[in-house]
Amino acid sequence: MRAFIFDLDGVIVHTDRFHYRAWKQTADEMGIYFDEQINHRLRGISREQSLEIILEKYDREPLSREQKQELMDRKNGYYRKLLGEMTPDDVGAEVRSTLGKLREAGYKLGIGSSSKNTKYILEKVELLKIFQAVSDGTNIRKSKPDPEVFLKAAEFLHENPGDCYVVEDAYAGIDAAKAAGCISIGIGEAGKYVGADYRIGSFSELLEFLP
Ligand code: BG6
Ligand code: MG
């Protein structure tokens, strides 16, 4: 194995709670029921698909494309405001030191995220430099569970997908990693997903994958 590709939200940073707050505010303003349970289904999938899931509880006149775009922009505005408060301290010491040790051991590190805010987040937490490649919502057409984001990450790293581990907290992300031919490692929510090749309880357990 030659590389580790990481999902961002829920793996490197805990922005998943910000996604929840931003969607909750948007849904509340629209009078749409939304809770943590529904939020779980949004893990790993694109902004567009997230909105479609939220709108399953919307029973008035179907919204136009423009209205949907306005809701996504509104949510992203709330989300960016929350992201604006992030600092390097939002990445735990365990994550930072584990990434450093994986690099020292000679592995390439990349990001494979559905988010169009990936680079902004990595800048805020000062982690952009440790990753040799970033594949994110700005360079894909299909989001997880489609393998595109991880195939692109492997390509950007100049590695075969089969030589890359993918670390993911979303079931859709594990499915995407497997479809790409990568070796999947579930953490957080996906730490109990039987579909993952491996499951870990904490980030530093990645060091156990070193030869
Ligand atoms: C993923 C999140 O990382 O990014 C999803 O897990 C989110 O919940 C997706 O919908 C898209 O994010 P963004 O920042 O482009 O709206
Ligand atoms: Mg995630």
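Along the sequence, the donor residues of the magnesium ion (ligand 2) follow the spacing D-x1-D-x159-D. Donors here are N, O and S atoms within 2.8 Å of the metal (3.2 Å for Na, K and Ca); water is not among the atoms, so sites may look incomplete. The model is predicted: local features need pLDDT of at least 70, side-chain atom pairs count only at pLDDT 80 or more, and totals for chains, interfaces and linings use all residues. Residues are numbered from 1 along each chain as its sequence is written, chains are lettered from A and ligands numbered from 1 in the order in which they are written, and side-chain values use heavy atoms, with hydrogens and water left out.

Asp 7 (OD), Asp 9 (O) and Asp 169 (OD) coordinate the magnesium ion (ligand 2) at 2.1 Å. Asp 7 counts as buried because its relative accessibility is 4%. Asp 9 is also buried, at 14%. Buried means under 20% relative accessible area, exposed over 50%, and partly exposed in between (1.4 Å probe, protein chains only).

Helices (H or I, at least four residues) and strands (E, at least two) are DSSP runs, numbered from the N terminus.

Oxygen atoms of ligand 1 meet polar atoms of the protein. A side-chain N or O atom of Ser 115 lies 2.6 Å from an oxygen atom of ligand 1. For a polar backbone atom of Gly 44, the distance to a ligand 1 oxygen is 2.8 Å. For a polar side-chain atom of Ser 50, it is 3.3 Å. Taken alone, ligand 1 exposes 400 Å², and the protein buries 96% of that area. Accessible areas come from the Shrake-Rupley method with a 1.4 Å probe; for residues, only the protein chains shown count as cover.

Asn 117 sits in the loop between β2 (108–112) and α6 (118–124). Asn 117 counts as buried, because its relative accessibility is 4%. Its side chain makes a polar contact with the side chain of Arg 80, at 2.8 Å. A polar contact is a pair of N or O atoms within 3.5 Å; within protein, one must be able to donate a hydrogen and the other to accept it, and residues adjacent in sequence count only if both atoms are side-chain atoms.

The loop between α6 and β3 (133–135) holds Lys 129. Lys 129 is exposed, with a relative accessible area of 82%. Lys 129 and Lys 116 stand 13 residues apart in sequence and 18 Å apart in space, C-alpha to C-alpha. Glu 126 is found in the loop between α6 and β3. Its phi is positive, about 55°, although Glu 126 is not a glycine. Glu 126 counts as exposed, at 58% relative accessibility.

Further backbone features follow. His 158, a residue other than glycine, has a positive phi near 60°. His 158 lies in the loop between α7 and β4 (164–168). With a relative accessible area of 68%, His 158 is exposed. Lys 144 and Pro 145 are joined by a cis peptide bond, with omega about 15°. Pro 145 is in the loop between β3 and α7 (148–156).
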